[in-house]
Structures are given as C-alpha cells and as structure tokens.
Amino acid sequence: MGLEMPAFKIAMLQALLAVCFTTSGTVAQDPVQSGADRILENPYLSWIQGKRVGLITNPTGVTSTLNSTWDLLSQHPDVDLKALFGPEHGIFGQAQAGDHVSDSGKVYSLYGETRAPTAEMLEGVEVLIYDIQDVGVRFYTYISTMYLSMQAAAKHGIPFIVLDRPNPIDGSRVEGPILQTEKKSFLGLVGLPIRYGMTPGELARMLNGETNLGSDLKVVPLSGWHRQDWYDQTALEWVLPSPNMPTLTTATLYPGLGLIEGTNLSEGRGTSLPFELVGAPWLSGQELAKRLNRLPLAGVRFRFQTFTPTTSKYQGEPCQGVQIHILDRTTFQPLEVALHLLQEVQMLHPEQFQWNTTFLDRLVGNSWVREALSEGRPVDEIVNRWQQELKEFKEVRKRYLLYR
C-alpha cells in the first residue's frame with residue numbers, strides 16, 4: 001500500500017514551493033515568448049512572407065529553444081533572407097568593446113566603416129528586421145544601432161520590424177539624468193535617461209514618434225512578459241549580449257558601474273566578474289570597502305577583493321578594490337551606488353584618481369554630474385537635480401508602453 005500525503009499538506013507544500021520560486025528569482029509564471037518565437041505566427045508572418053529580408057542580429061537573436069533567428073528565417077520557404085547586419089561586437093559577438101568589425105560577404109558590420117546600413121547594403125532588401133537582446137541602458141550601443149537602422153530604413157522606404165525582447169533588469173524602473181544634446185554620441189543619440197525602463201520594441205515606438213523618423217515600424221510583441229519581470233523570471237536562457245555581459249548580475253550593475261569606464265579605475269574587464277569588481281594598483285581596497293559599507297545604501301554590500309586583469313586597464317597588474325554584492329536587487333540603486341563609489345575613491349586617493357572627462361560625460365549624458373562630484377557635492381543633491389526631467393520623461397514614455 002503506497003503512502004499518501006493529506007490534501008492540506010500537499011496544498012501547503014505547493015504554496016511553499018511557489019514562494020521559494022518567486023523569491024529566488026526563478027520562474028514563477030508562464031514562460032515568456034519573445035518576438036523571435038512569434039514571427040512565423042499569423043499575423044506576423046504576413047509582414048515578411050514572400051519578401052527579401054535583412055536581419056540585424058547577434059548571438060542573442062535566438063528563440064526560446066535556442067534556434068537562431070537567421071536559421072529560422074533562412075529555412076522558411078516563404079522568406080528570402082537577403083542580408084545580415086551585426087552591431088558592436090559583431091554578428092557572432094566575437095569582438096571586444098570598441099573593436100572595429102569588418103564586413104564579410106553578405107554579413108555587414110554596423111560597427112566598422114559605417115554605423116548605419118548604406119544604400120548598397122540595403123539593395124534588394126524589402127523589409128529590415130531587428131532582433132537583439134538589449135540590457136536596458138542608454139550607453140549600451142545596440143539601441144543606437146537600432147535608431148540609425150530605423151532612420152536608414154525610413155530613408156529608403158523599407159519597413160522596419162522589431163522582434164521584441166524583455167528588458168532584463170525589469171521594465172518598471174527609470175533612473176538617471178536625460179542625455180543633453182551637446183553630449184550626443186554613439187553612446188547616446190537621443191534624450192533618454194541612463195536606465196529607460198522599456199523593451200526594444202517600446203523604445204523603437206518612442207524613437208519613431210518623438211524624433212519624427214517616419215519609419216514604417218512594426219513590433220512583434222512579447223507574450224507573457226510583465227513590466228516588473230526580471231530576465232530570470234522569463235524561462236528564457238541568458239545568452240551573452242556582449243563579451244563583458246556574462247550574467248544578469250552584470251546587467252543589474254551596469255546602469256551605474258558602467259560609469260567606471262570613464263575613469264582610471266578598472267571596472268573588472270579582463271576578469272570573470274566585469275562590473276562586479278572595481279579597483280586599481282594604487283587603490284586601498286580595504287579602506288574603500290569600509291567607507292562604502294558605512295553608507296546607508298540599500299540592497300548592497302562591498303567586500304575587499306584583489307584581482308589582476310588579463311586585458312584592458314591595468315592588464316597584468318595586481319589591483320586592489322572591492323567586489324559589489326547585490327543583496328536585494330529590488331532596492332539596489334546602481335547609479336546612486338556608482339556615484340558614491342566614485343566620490344569615495346576621489347576623497348581617498350585625490351592624487352591618483354582621474355576622470356576620462358570626454359568619455360565620462362558621454363556616458364552620464366552631461367558634464368554637471370562630474371563637476372558636482374569633483375566639487376564634493378552630496379550625492380543626494382546630485383540625484384535630486386535630475387528628478388524633474390526624469391518625471392517629464394516618464395510622462396512621454398507612458399504613451400509608448402506595450403506591457404503592464
């Protein structure tokens with residue numbers, strides 16, 4: 001005779017498991033389907049059926065079963081995949097940040113001689129598709145590629161389709177100052193905050209509407225995704241969006257710790273923990289950890305750590321610094337944390353610490369944040385200064401959201 005568990009105990013166990021799955025960040029809902037999963041469904045297939053297609057993508061352009069979008073399209077009898085386009089890091093994700101990527105046959109680089117598809121590249125293309133997983137940060141260059149590609153497609157009368165993907169660091173929070181016009185670069189082409197809280201499809205809708213691109217834009221929407229979902233709640237596999245974005249933790253830190261690139265501190269490139277480690281050969285890591293842990297910063301802890309980068313800044317040089325541990329991602333404020341870290345390093349090592357002024361200002365989107373930090377202004381004062389423009393951005397953003 002088999003052992004049977006009473007019904008009330010089964011119910012209690014199910015409830016406990018549901019709580020565990022939810023709080024641990026694993027899937028607590030129906031799996032999410034990306035635009036790549038849905039492009040061959042009706043009515044979306046009709047948008048490309050019988051058409052010569054160009055595809056902007058990289059290794060993240062996969063379905064939920066990890067089949068590449070270009071295989072999906074090239075193997076469909078009613079779709080003619082005419083050309084492939086790759087963003088920064090290349091279509092195979094092989095290049096390091098900033099590395100020039102060359103064309104190869106009908107695989108065109110949008111991070112080489114040109115940052116936008118040319119008339120020659122688009123010759124014969126009847127519809128242009130964008131399928132890249134973003135990380136929800138303005139200075140992550142894929143959204144600049146999307147914007148310039150939309151612009152080029154509009155110029156040549158080519159419809160533009162975004163296969164939507166989740167904002168991995170949840171799509172509900174918006175943080176940071178708005179990019180000022182004089183600081184526009186490929187790190188930011190339009191007036192967005194650092195963390196803009198939108199999916200690629202939503203952002204494309206806003207770019208088209210607010211900058212008058214005139215794009216014939218369509219979005220293949222996500223199924224099953226909600227604004228407050230993090231990527232590890234989607235059941236979608238994490239595929240590296242770029243060589244130094246190995247995990248969701250990296251992406252969670254990136255809106256703030258990406259600013260470290262605009263200084264002479266190592267941001268951990270050349271280690272297995274990029275953007276989780278910050279340091280330098282001249283830095284007193286133990287003292288920095290103590291100073292940061294005294295601050296009332298939510299959801300984070302700093303631990304002294306040594307490391308030796310194998311590439312990038314301080315290649316082959318032993319560094320002292322800190323590892324940033326996220327204890328609660330729902331309360332963690334990456335930008336605020338980064339500003340405090342920069343200010344503490346500046347006070348601790350005023351002779352050694354240096355800004356890469358042009359680069360830092362392009363990342364932040366203005367010069368006044370750097371100037372305020374240099375003057376020793378309180379971080380709370382700096383954060384408060386951008387709240388009004390952030391409020392105005394949120395009102396505009398509402399008009400283009402596709403998901404609750």
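These legends go with close-up views of a predicted model. Local features are kept at pLDDT of at least 70 and side-chain atom pairs at pLDDT 80 or more, while totals for chains, interfaces and linings use all residues. Residues count from 1 along each chain as its sequence is written, and side-chain values use heavy atoms, leaving out hydrogens and water.

**View 1. Helices α6 and α8 pack against each other.** α6 (residues 248-257) meets α8 (residues 334-348) at about 55°, axes 7 Å apart. Helices here are DSSP runs (H or I, at least four residues) and strands likewise (E, at least two), numbered from the N terminus. Axes are lines fitted to C-alpha atoms, for helices over the stretch in contact, and angles run from 0 to 180 degrees between N-to-C directions. On the α6 side, T252, L253, P255, G256 and L257 make the contact (heavy atoms within 4.5 Å), and on the α8 side P334, L335, A338 and L341 do.

**View 2. Strand β9 pairs with β7 and with β8.** β7 (residues 277-280) lines up antiparallel with β9 (residues 319-326) over four bridges; strands pair if DSSP finds at least two bridges between them. Here L277 sits opposite Q323. β8 (residues 300-307) also runs antiparallel to β9, joined by eight bridges, with F302 partnered by I324.

**View 3. K183 and D361 form a salt bridge.** Their N to O distance is 3.8 Å; the rule asks for a Lys or Arg side-chain nitrogen within 4 Å of an Asp or Glu carboxyl oxygen. K183 lies in the loop between β5 (160-163) and α5 (200-210), and D361 in helix α9 (residues 357-364), 178 residues apart.
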